[in-house]
Amino acid sequence: MNQNMADMFGKFSELQEKMKQAKSELSKLEVEAEAGGGMVKVKANGQRKILSISLDEDVIDPDDAEMMEDLIVAGVNKALDKAEETAQERMQETYKDMMPGGGIPGMDMSKLGL
């Protein structure tokens with residue numbers, strides 16, 4: 001095997017290790033989103049897992065469960081979107097130094113599970 005191939009495999013292996021480490025760190029990343037002017041607060045991690053949901057007592061109305069359900073859905077969706085966006089930014093930071101030019105133009109690393 002020539003030296004260029006060995007270098008390429010070494011860099012790929014290093015990239016895989018850095019990606020594995022970055023994915024592990026995403027579980028520690030927390031984001032928070034609100035719905036209903038802060039009546040519903042949702043925390044999620046960088047792996048798109050819901051950590052907690054807080055409800056303001058004003059939103060808890062037994063006669064209007066539908067409003068509360070809608071606010072919870074909105075809060076969860078906002079938190080998951082925020083978690084996804086933040087995770088993508090962190091992953092891009094991880095691999096930008098590993099690849100020439102900060103990555104491969106037009107390549108979405110999330111499609112590779114990264």
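**Strands, hairpins and surface patches in a predicted model**

Colleague: Which residues gather in a patch of negative charge on the surface?
Modeller: This is a predicted model, and Asp and Glu count as negative in it. The surface patch of negative charge is made up of Asp-81, Glu-85, Glu-89 and Glu-93.

Colleague: Is Asp-81 buried, partly exposed or exposed?
Modeller: Asp-81 is part of helix α2, which covers residues 65-96. Its relative accessibility is 53%, and the cut-off for exposed is over 50%. Asp-81 therefore counts as exposed.

Colleague: In what order do the elements of the protein run from the N terminus on?
Modeller: The protein has 2 helices and 3 strands. Read from the N terminus on, the order of these elements is α-β-β-β-α.

Colleague: How many bridges join strand β1 to β2?
Modeller: Strand β1 spans residues 30-35 and runs antiparallel to β2. Within this pair, Val-31 stands opposite Ala-44 of β2. The number of bridges joining β1 to β2 is 6.

Colleague: Which residue takes a positive phi in the hairpin of β1 and β2?
Modeller: This hairpin has 4 residues between its strands. A positive phi near 65° occurs there, and the residue that takes it is Gly-36.

Colleague: Over how many bridges do β2 and β3 pair?
Modeller: Strand β2 holds residues 40-45 and strand β3 holds residues 50-55, and the two pair in the antiparallel sense. Ala-44 stands opposite Ile-50 in β3, and Val-40 stands opposite Leu-55 in β3. The pairing of β2 and β3 extends over 5 bridges.

Colleague: What is the phi of Arg-48 in the turn between β2 and β3?
Modeller: β2 and β3 form a hairpin, with 4 residues between the strands. Arg-48 lies in the turn, and its phi is positive, at about 60°.

Colleague: What is the area of the nonpolar surface patch that includes Ile-60?
Modeller: Ile-60 belongs to the loop between β3 and α2. With Ile-50, Ile-53 and Leu-55, Ile-60 makes a nonpolar surface patch. The area of this patch is about 310 Å².

Colleague: Is Ile-60 buried, partly exposed or exposed?
Modeller: The relative accessibility of Ile-60 is 46%. Buried means under 20% and exposed means over 50%, with partly exposed in between. At its 46%, Ile-60 therefore counts as partly exposed.

Colleague: What percentage of the residues count as buried?
Modeller: A residue is buried if its relative accessible area is under 20%. The protein has 114 residues, and the share of them that count as buried is 25%.

Note on methods
Residues are numbered from 1 along each chain as its sequence is written. This is a predicted model: local features need pLDDT of at least 70, side-chain atom pairs count only at pLDDT 80 or more; totals for chains, interfaces and linings use all residues. Side-chain values use heavy atoms; hydrogens and water are left out. Two strands pair if DSSP finds at least two bridges between them. Patches are made of residues with over 30% relative accessible area and no salt bridge: like charges are joined within 9 Å, nonpolar side chains (Val, Leu, Ile, Met, Phe, Trp, Tyr) within 5 Å. Accessible areas come from the Shrake-Rupley method with a 1.4 Å probe; for residues, only the protein chains shown count as cover. A salt bridge is a side-chain nitrogen of Lys or Arg within 4 Å of a carboxyl oxygen of Asp or Glu. The place of a charge is taken as NZ of Lys, CZ of Arg, CG of Asp or CD of Glu. Buried means under 20% relative accessible area, exposed over 50%, partly exposed in between (1.4 Å probe, protein chains only).
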